[in-house]
Amino acid sequence: MIIPKAEKLSASQLQELESIVSEFKCTVLEIEGHNQCVYAILGDETHALMFKRIAGLSYIRKVNAIESPYKLMDRRSALADHQIKIGQRVVGGDAPFIIGGPCTIDPNSPNLFIETAHALKEAGVDALRGGVWKPRTNPYSYQGDNNAIEIILRAREETGLPIDIEVMDSEQLKIALDAKVDILQVGTRNALNYSLLKEIGRKSAGTESAILLKRGRHVASPDEFIAASEYLVAEGNPNVMLCPRGTTPALDGYRNHPDESITPLLKNKTWAPVVVDPSHSVGHAQFVHSCSLASIAYGADGLCIESHIDPPKGIGDDPKQAITPDKMKELIVTCQEMWKNRYLP
Ligand code: PEP
Ligand code: MN
């Protein structure tokens with residue numbers, strides 16, 4: 001990994017760097033952060049001579065090679081100071097970053113979504129979620145609707161809140177990127193779909209869109225989870241957040257096996273913010289609050305929580321697992337208190 005002295009290399013400097021690494025059969029990837037570009041060397045980057053030559057260039061501040069299966073996501077990488085800005089907030093700044101909203105946008109009841117969005121803004125969320133396209137277990141369940149994106153875009157305009165939408169294929173990704181969706185969510189079913197991860201990383205590189213990568217529900221190990229996120233960054237988008245959301249088999253009584261406890265492990269291995277999803281983890285509205293508090297106690301930087309103004313009128317997961325905006329307000333206050341007292345190893 002290479003850090004230049006200036007914010008970015010000039011075209012001729014980049015060309016010189018590329019020509020050096022190509023002698024060693026490597027390539028250079030520019031990764032654009034908010035304040036600083038860093039340059040990853042892709043290929044076998046262990047050639048001592050290559051390193052010596054790069055370190056000798058007058059415009060290079062630092063070159064570091066780390067032995068890691070995920071050299072960009074590793075907390076020792078040059079991205080360690082990278083901050084992810086979404087809307088007005090830095091994720092993992094001075095309070096938990098809260099994403100809230102319905103599981104699914106009901107295109108037949110746009111007002112329910114818009115009213116939920118306003119109530120959640122009032123409750124203090126930092127970003128609004130809403131499923132436009134849904135990965136449903138049953139092919140006959142509601143699958144989503146391209147038109148639903150207009151509803152969440154209207155909610156963004158009216159509330160000023162950034163928005164989070166799950167994308168599952170190239171067409172959805174294009175629609176989401178054209179709409180400048182703030183957070184592209186990769187769901188648990190696609191968490192290890194490497195070609196989709198590469199495409200999302202590549203097409204969102206250089207944009208303002210961040211990516212919320214859920215953990216594969218079939219107990220992806222922390223290393224497997226982080227390695228999947230490496231695909232996104234290695235294609236050029238460093239704005240990646242890791243989202244534990246429960247694994248299978250479920251703990252009896254919950255929807256999944258709650259896994260907020262992997263947060264310290266993830267934070268020990270990578271620099272990426274951890275945003276836990278308690279809703280899919282426990283799967284019942286009444287347990288979401290305690291799982292949220294536990295997540296913050298474990299050091300999570302944020303939460304992604306399903307919330308609906310009138311859960312029984314929702315579709316998808318909302319009748320079962322969405323909390324109301326009133327409950328969200330209480331939850332945010334108690335999580336902020338917990339945040340001040342959390343123990344970070
Ligand atoms: C969702 O966020 O509504 C969703 C489908 O999540 P997951 O991929 O974690 O099941
Ligand atoms: Mn859901």
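A crossover is right-handed if, with the strands pointing away from the viewer, the path from the first strand over the helix to the second runs clockwise. Helices (H or I, at least four residues) and strands (E, at least two) are DSSP runs, numbered from the N terminus.

This is a predicted model, in which local features need pLDDT of at least 70, side-chain atom pairs count only at pLDDT 80 or more, and totals for chains, interfaces and linings use all residues. Residues are numbered from 1 along each chain as its sequence is written, chains are lettered from A and ligands numbered from 1 in the order in which they are written, and side-chain values use heavy atoms, without hydrogens and water.

**View 1. Strand E11 and its neighbours.** E10, H6 and E11 make a right-handed β-α-β unit. Four bridges join strand E10 (residues 183-186) to E11, and the two run parallel. Strands pair if DSSP finds at least two bridges between them. Gln 185 has Leu 212 of E11 as its bridge partner. Four bridges also join E11 to E12, again in parallel. Here Ile 211 stands opposite Val 240 in E12. From E11 the chain crosses through H7 to E12, and this β-α-β crossover is right-handed.

**View 2. The side chains of E11.** Is E11 buried or exposed? Five of the five residues of this strand (residues 210-214) are buried, so E11 is largely enclosed by the rest of the structure. Buried means under 20% relative accessible area, exposed over 50%, and partly exposed in between (1.4 Å probe, protein chains only). In a regular strand the side chains alternate between the two faces of the sheet. Ala 210, Leu 212 and Lys 214 point one way from E11, and Ile 211 and Leu 213 the other way.

**View 3. The manganese site.** Cys 103 (SG), His 280 (NE2), Glu 306 (OE) and Asp 317 (OD) coordinate the manganese ion (ligand 2) at 2.1 to 2.5 Å. Cys 103 lies in the loop between strand E7 (97-101) and helix H3 (110-123), and Asp 317 in the loop between strand E14 (302-306) and helix H11 (318-321), so the pair ties together parts that are 214 residues apart in sequence. Cys 103 and Asp 317 are buried. Donors are N, O and S atoms within 2.8 Å of the metal (3.2 Å for Na, K and Ca); water is not among the atoms, so sites may look incomplete.

**View 4. Two aromatic pairs.** The structure holds two aromatic pairs. The rings of Tyr 194 and Tyr 231 have centres 4.5 Å apart and planes at 25°, so this pair is stacked. Tyr 194 lies in helix H6 (residues 194-204) and Tyr 231 in helix H7 (residues 222-234). Tyr 254 and Phe 287 form an edge-to-face pair, 5.4 Å centre to centre with 70° between the planes. Tyr 254 is partly exposed, with a relative accessible area of 29%. Rings of Phe, Tyr and Trp (its six-membered ring) pair if their centres lie within 6.5 Å; planes under 30 degrees apart count as stacked, over 60 as edge-to-face and the rest as tilted.

**View 5. Backbone details.** Most residues other than glycine have a negative phi, and most peptide bonds are trans. Thr 248 and Pro 249 are joined by a cis peptide bond, with omega about 0°. Lys 25 is not a glycine, yet has a positive phi of about 60°. Lys 25 is exposed, with a relative accessible area of 77%.
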